[in-house]
Amino acid sequence: MPPVGSQALRTDEGVAALTAERPTYLADSASIQRTISALARRNVHAEVVTSGEAAKHRLIEMIPEGSQIFNSTSETLDHIGYSNYVRGNPRYTNLHDALEQASDPAAQQNIRRDSSIAEYFIGSVQAIAETGEIVIASASGSQISAYAFGAKNVILVAGTQKICADLADAIERVRGYTVDRHDQWLEERGVSASPIGKLMIMEYETAPERVNLILIQEELGW
C-alpha cells in the first residue's frame with residue numbers, strides 16, 4: 001500500500017520530530033562562499049544577490065527575449081514577483097501559460113511533458129548543502145526530469161536559509177521542515193497533504209553552464 005500523507009515518508013530516526021518549528025536563519029557570508037565553491041566543483045554556477053527584487057532582475061537579464069520558458073510552481077518565484085512578470089508576457093513563449101489555460105487533463109499532461117525539455121526551466125529547490133549537493137522534493141516529479149537532463153537551461157532560485165551543513169542535514173530539512181510547511185500551505189487552501197513522490201539529489205552536472213543557481217539573502221520559500 002503506498003504511503004499516505006507526508007509523515008509516511010519520514011523514516012529516518014529523529015526526522016519525525018523535525019517539524020515546522022525548526023529554526024531557520026540566513027546563511028552567513030562564509031557559508032555562502034563555501035557553498036558557491038562546492039557547487040562550482042560540481043559544475044553548477046551559483047551567484048548571490050541581496051534581495052528578491054535583485055533576483056527578479058537577474059532572471060530577466062539571464063533569459064533572452066523570444067525564449068521558450070517554463071516557470072515551475074514556486075513560493076520563491078511568486079514572492080519575488082517573477083511568476084506574475086512572465087504570466088502572459090509576450091517577451092517569452094511561456095509553457096506555464098499554456099498549462100494554466102488547458103482544461104483537459106490529458107492536454108495538461110502533454111504540456112508538462114513538453115516543459116521538461118523547455119529551453120529555459122526556472123524553479124526552486126528545498127535544500128542546498130555546503131558540500132554542493134542540491135535536494136529537490138516533488139509530489140508528482142514533474143520538474144525532476146527537466147532539472148536532471150531535459151531542459152536546455154535550468155535556473156534555480158532559493159533563499160540562503162536553505163543552505164545546510166551537509167547532505168544529511170539537507171535531506172533532514174526536506175523530510176521534516178519543508179514537508180511540514182508545505183502541508184500547512186495546502187491545508188490553508190483546503191487541500192489534503194500530499195506525500196513526497198520523488199526525491200532528487202543533484203550531485204554533479206555534466207553539461208557546462210546548463211544549471212545556474214541564484215541565492216537570495218532573504219528568507220524565501222521553504
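**Note on a predicted protein model**

1. Start with a charged pair. Arg-87 and Glu-100 join through their side chains in a salt bridge, N to O at 3.3 Å. A salt bridge here is a side-chain nitrogen of Lys or Arg within 4 Å of a carboxyl oxygen of Asp or Glu. Arg-87 sits in the loop between α4 (82–86) and β3 (93–94), and Glu-100 in helix α5 (residues 95–101), so the pair ties together parts that are 13 residues apart in sequence. Helices (H or I, at least four residues) and strands (E, at least two) are DSSP runs, numbered from the N terminus.

2. How exposed are these two partners? Arg-87 has 40% relative accessibility, so it counts as partly exposed. Glu-100 has 44% and is therefore partly exposed too. The terms work like this: buried means under 20% relative accessible area, exposed means over 50%, and partly exposed lies in between (1.4 Å probe, protein chains only). Elsewhere, salt bridges with shared partners join Arg-42, Glu-133 and Glu-203 into one network.

3. Now the basis of the note. This is a predicted model, in which local features need pLDDT of at least 70 and side-chain atom pairs count only at pLDDT 80 or more, while totals for chains, interfaces and linings use all residues. Residues are numbered from 1 along each chain as its sequence is written, and side-chain values use heavy atoms, with hydrogens and water left out.

4. How confident is the prediction? The protein chain has a mean pLDDT of 88, and 88% of its residues reach 70 or more. Residues 1–20 have pLDDT below 50; beyond near neighbours in sequence, this stretch has 34 contacts in the model. pLDDT is the predictor's confidence in each residue, from 0 to 100. Contact means heavy atoms within 4.5 Å. Where pLDDT is low, the predicted coordinates should not be read in detail.

5. Back to charges. How many salt bridges does a search of the whole structure find? The search finds eight. One of them joins Glu-47 and Arg-58, with the closest N and O atoms 2.7 Å apart. This pair links distant parts of the chain: Glu-47 is in strand β1 (residues 45–49) and Arg-58 in helix α2, 11 residues apart. Glu-47 is buried, because its relative accessible area is 17%. Arg-58, at 26% relative accessibility, is partly exposed.

6. Arg-58 has another partner. Its side chain meets that of Glu-61 in a salt bridge (3.2 Å, N to O). Arg-58 and Glu-61 are three residues apart in helix α2, so about one helical turn separates them. Glu-61 counts as exposed, at 59% relative accessibility. Side chains of opposite charge can pair when their charged atoms come close.

7. Next, Ser-67. It lies in the loop between α2 (52–62) and β2 (68–71). Is Ser-67 buried or exposed? At 3% relative accessibility, Ser-67 is buried. The side chain of Ser-67 reaches the backbone oxygen of Pro-64 at 2.7 Å. Setting aside neighbours within four places in sequence, Ser-67 contacts Arg-91, Tyr-92, Thr-93, Glu-119 and Tyr-120.

8. Ala-146 belongs to helix α7 (residues 144–150). Its relative accessibility is 0%, so Ala-146 counts as buried. What does Ala-146 touch, not counting residues up to four places away in sequence? The list is Ser-115, Ser-116, Phe-121, Ala-151, Val-154 and Arg-210. Ala-118 is 28 residues away from Ala-146 along the chain, yet their C-alpha atoms are separated by 7.7 Å.

9. Ala-158 is in strand β7 (residues 153–159). Ala-158 also counts as buried, at 0% relative accessibility. Beyond neighbours within four places in sequence, Ala-158 is in contact with Ser-124, Val-125, Ile-128, Ile-214, Leu-215 and Ile-216. Ala-158 and Gly-221 lie 63 residues apart in sequence, but 7.4 Å apart in space, C-alpha to C-alpha.

10. Last, a sheet. Which order do its four strands take? They run β8-β5-β6-β9 in an open sheet, with mixed pairing. The edge strands, each pairing on one side only, are β8 (163–164) and β9 (198–202). Two strands pair if DSSP finds at least two bridges between them. Strand β5 (residues 127–129) pairs with β8 in the parallel sense, over two bridges. Ile-128 has Ile-163 in β8 as its bridge partner. Ile-128 is also among the contacts of Ala-158.

How values were computed:
A polar contact is a pair of N or O atoms within 3.5 Å; within protein, one must be able to donate a hydrogen and the other to accept it, and residues adjacent in sequence count only if both atoms are side-chain atoms.
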